[in-house]
Amino acid sequence: MYLHGTSRVNEKGNLEIGGCDVTQLAATYGTPLYVYDEALIRSKCRAYIDAFRQSGFAFQVAYASKAFCTMAMCKLVEEEGMSLDVVSGGELYTALQAGFPAERIHFHGNNKSIEEIHMALDAKIGCFVVDNFYELVTLDEIAQEREEKVAVLLRVTPGVEAHTHEYISTGQVDSKFGFDVQNGQALEAIKYAHESKQLHLLGVHSHIGSQIFEAEGFIVAIKRLIELLEEARDQHGFISEVLNVGGGFGIRYVESDTPLSAETYIKAITDTVREEMAQRQLPLPELWIEPGRSIVGDAGTTLYRIGSHKHIPNVRKYVAVDGGMTDNLRPALYQAVYEAAIANKMNAPATEQVSIAGKCCESGDMLIWDVMLPEADAGDILAVTSTGAYGYSMSNNYNRIARPAVVFVKEGEAELVVKRETYQDVVSHDLLPKRAQLQR
Ligand code: LLP
């Protein structure tokens, strides 16, 4: 198992993260438990910021809060001087409750409700990332009603899709997100926003995919965006102040993953922008990015307690833990792969191949297929690494399982940042009908 950040094996042969023995964390806070290495999150934030500082570009690094959105995380991001990408009233509310400066919040989403738009305007957020013509017109009208000028970016789809080691130049028009560049809708949206009295068009945005291990997809997308900006200048006199190239930077889930460093991505991005803008005599824009997974992904480890097992001779051995698809939906939803170790037997030789099952009533509730572990006993603590992104944020109450707690660990201290849900929490929104039949 790859040990990230401050993770190490201590003298007792136990896994330690942020100076805390995880078996102690499990005993104190219970399991399943999400443990975040705070120093590692902060160093990831700083790597992007330092890379941009070196480039000489004006920039904003907006953490994509969908990856892990809690008040503590918003606070940390604020302390690191970053901006924040939210995609719903709930994420916006979380950020505001944490005291996140509204002017550094960017509001995404392909179907913002009227209430969400008003909520964001009331809070005076930094900008809206407008996704479609309906939103463009609606926002224009609301801004007019409120007699406000609203800053916007337009999300455009440049026809590039990137996943892990491949990028595909798709020319695809079929996406629920954004204004298509190739069919002319992006240029039409730019014209509309640029001519609106109520909207202040800052520039354009694109997000080409997630868990990307190559810079090539970003380079191709940036070239298309800049061609679009050239047309926008030539045809409508629009000069972009901001270019937002989204998130998607890959992380290491398993030993064989080979993510690029923040510096490598940022250098490829800034070099391409500099070159392409110069070729067209366009002024350098402020550059924005939106990393989510690469800020929190490998800083998160989930601790489970091992319970039952089932051995099917000549087939496999299932080892079950006290969580599963309720706290990590990614294996079931995307066939995502993870590594694990028995946190209280880190020095024991891995002698058994087993598969880790969750406790939900669903055959697909498997966390890891075929992992080599030391012989597992009931009561052992299983640590699954790299669960920091889209684990807690996609957690759910299937089978009425209560959501786990979250702790941040740093220099030997652990701090509870999300309380464990109780059964009372789980039924707290249920109401018993007052109708007579149901009362008998
Ligand atoms: N910006 C925009 C506009 C996005 O749509 C996303 C992710 C990001 C930034 C952040 O991307 P990241 O750096 O985290 O890759 N639930 C899936 C991931 C969905 C990503 C959606 N958009 C998963 O667990 O893999």
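## Overall fold

Among contacts in the protein chain (heavy atoms within 4.5 Å) between residues at least 6 apart in sequence, 69% link residues at least 24 apart. The model is predicted, so local features need pLDDT of at least 70 and side-chain atom pairs count only at pLDDT 80 or more, while totals for chains, interfaces and linings use all residues. Residues are numbered from 1 along each chain as its sequence is written, and side-chain values use heavy atoms, with hydrogens and water left out.

The protein chain has 13 helices and 24 strands; these are DSSP runs numbered from the N terminus, helices being H or I of at least four residues and strands E of at least two. Its radius of gyration is 24 Å, close to the 22 Å that the globule rule gives for 440 residues, so the chain is as compact as a globular protein of that length. The radius is taken over C-alpha atoms, and the rule is 2.2 Å times the number of residues to the power 0.38. Of the 440 residues, 55% count as buried, meaning under 20% relative accessible area with a 1.4 Å probe and protein chains only; exposed means over 50%, and partly exposed lies in between.

## Helices α2 and α9

Helix α2 (residues 38-55) packs against helix α9 (residues 262-279) at an angle of about 35 degrees, their axes 9 Å apart. Axes here are lines fitted to C-alpha atoms over the stretch in contact, and angles run from 0 to 180 degrees between N-to-C directions. On the α2 side the contact is made by A47, Y48, A51, F52 and S55, and on the α9 side by A262, E263, I266, T270 and R274.

I49 is also found in α2. This residue is buried, with a relative accessible area of 8%. Leaving aside neighbours within four places in sequence, I49 is in contact with F59, V61, E80 and M82. Between I49 and I266 there are 9.6 Å in space, C-alpha to C-alpha, although they are 217 residues apart in sequence.

## Backbone exceptions

Most residues other than glycine have a negative phi, and most peptide bonds are trans. The peptide bond from T31 to P32 is cis, with omega near -10 degrees. P32 is found in the loop between α1 (22-29) and β4 (33-37).

Q211, in strand β14 (residues 209-212), has a positive phi near 55 degrees and counts as buried at 11% relative accessibility. N314 has a positive phi of about 65 degrees. N314 is found in the loop between β17 (300-312) and β18 (316-321) and counts as exposed, at 84% relative accessibility.
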